[in-house]
Amino acid sequence: MSESVIFVDDHMLVAEKPAGLLSVPGRLPQHKDCLITRLQSLYPDVLTVHRLDMATSGLMVFARGPEVHRTLSKAFADRQVDKRYIAVVAGDLSADGEVDLPLIKDWPNRPRQMVDHATGKPSLTRYRILGRAEGTTRIELEPVTGRTHQLRVHMMAIGHPILGDDFYAPPEIEALSPRLLLHAEHLSLPHPVSGARIDFHSAAPF
């Protein structure tokens, strides 16, 4: 398999999802191949707790069995899970900061999302500058909330779309990379049984 299992015990599993692979099956027959079905061929009891966009690579955690699924889902809902992403965005971000813009589904253009100050759900992203190179900025992103496409929409909304983003970047920025330059690099959470804090790291492949 192109994905790799980096941790597994009797209660949970952590794997690296490659870019271009769905987290869960899509509606169309050609979208049945996905990370969860591949993992279930090896570990039939694994269940999806959260998702990454198809274009995003990086760390995902899975529950083994329904009881642990409830525990891990609650940890995500209660924001006990620390997630950090690496991205390369267009332009020169001047300083660390945050984006606090409410998001809502863009129904005529699903699955795209958009900023909507009237009816959008509260959404907060923090970012930290890691480096700059020829009109781009490498950043660490921390999604405080977990809305669909949150990081991609927030960076686009402040004028710094992620390179390779076929949904939100203008054509000239999308064309700068053959893939979306967004990777779930760090994941920290309480173990669903012991409660001990565990940390996982996956270096960005770009």
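**Charged and aromatic contacts**

At 39% relative accessibility, Arg 128 counts as partly exposed. Arg 128 forms a salt bridge with Glu 140, with 3.4 Å between the closest N and O atoms. The model is predicted. A search of the whole structure finds 13 salt bridges, and the structure also holds 2 aromatic pairs.

**Salt-bridge network**

- Salt bridges link Asp 82, Arg 84, Glu 98, Arg 126, Arg 128, Glu 140 and Glu 142 in a network.
- In the bridge between Arg 128 and Glu 140, the closest N and O atoms are 3.4 Å apart. This pair links distant parts of the chain, as Arg 128 is in strand E9 (residues 124-133) and Glu 140 is in strand E10, 12 residues apart.
- Glu 140 has a relative accessible area of 16% and is therefore buried, the cut-off being under 20%.
- Glu 142 forms a salt bridge with Arg 84, at 3.9 Å between the closest N and O atoms. Here too distant parts of the chain are linked: Glu 142 is in strand E10 (residues 136-143) and Arg 84 in strand E5 (residues 82-90), 58 residues apart.
- Arg 84 is partly exposed, at 23% relative accessible area.

**Salt bridge between Asp 45 and Arg 64**

- The side chains of Asp 45 and Arg 64 form a salt bridge of 3.0 Å, N to O.
- Asp 45 sits in the loop between helix H1 (35-40) and strand E3 (46-48), and Arg 64 sits in strand E4 (residues 57-64), so the pair ties together parts 19 residues apart in sequence.
- Asp 45 is partly exposed at 31% relative accessibility, whereas Arg 64 is buried at 19%.

**Aromatic pairs**

- The ring centres of Phe 7 and Phe 200 are 5.3 Å apart and the ring planes are at 55°, so the pair is tilted.
- Phe 7 belongs to strand E1 (residues 4-8) and Phe 200 to strand E12 (residues 197-201), so this pair ties together parts that are 193 residues apart in sequence.
- Phe 7 is partly exposed, with a relative accessible area of 25%, while Phe 200 is buried, with 10%.
- Phe 167 and Tyr 168 form an edge-to-face aromatic pair, with 6.0 Å from centre to centre and 85° between the planes.
- Phe 167 counts as partly exposed at 26% relative accessibility, and Tyr 168 counts as buried at 10%.

**Positive surface patch**

- Arg 27, Arg 79, Lys 105, Arg 110, Lys 121 and Arg 147 gather on the surface in a patch of positive charge.
- Lys 105, one of these residues, is placed in strand E7 (residues 103-105) and is partly exposed, with a relative accessible area of 31%.

Conventions: Residues numbered from 1 in each chain as written. Predicted model: local features only at pLDDT ≥ 70, side-chain atom pairs only at ≥ 80, totals over all residues. Heavy atoms only, no water. Patch = residues over 30% accessible without salt bridge, like charges linked within 9 Å, V, L, I, M, F, W, Y side chains within 5 Å. Areas by Shrake-Rupley, 256 points an atom, 1.4 Å probe, with all protein chains shown as cover. Salt bridge = Lys/Arg side-chain N within 4 Å of Asp/Glu carboxyl O. Lys, Arg positive; Asp, Glu negative; His and termini not counted. Charge placed at Lys NZ, Arg CZ, Asp CG, Glu CD. Helix = DSSP H or I, 4+ residues; strand = E, 2+ residues; numbered from the N terminus. Buried < 20%, exposed > 50% of the residue type's maximum accessible area, 1.4 Å probe, protein only. Phe/Tyr/Trp six-rings, centres within 6.5 Å; stacked < 30°, edge-to-face > 60°.
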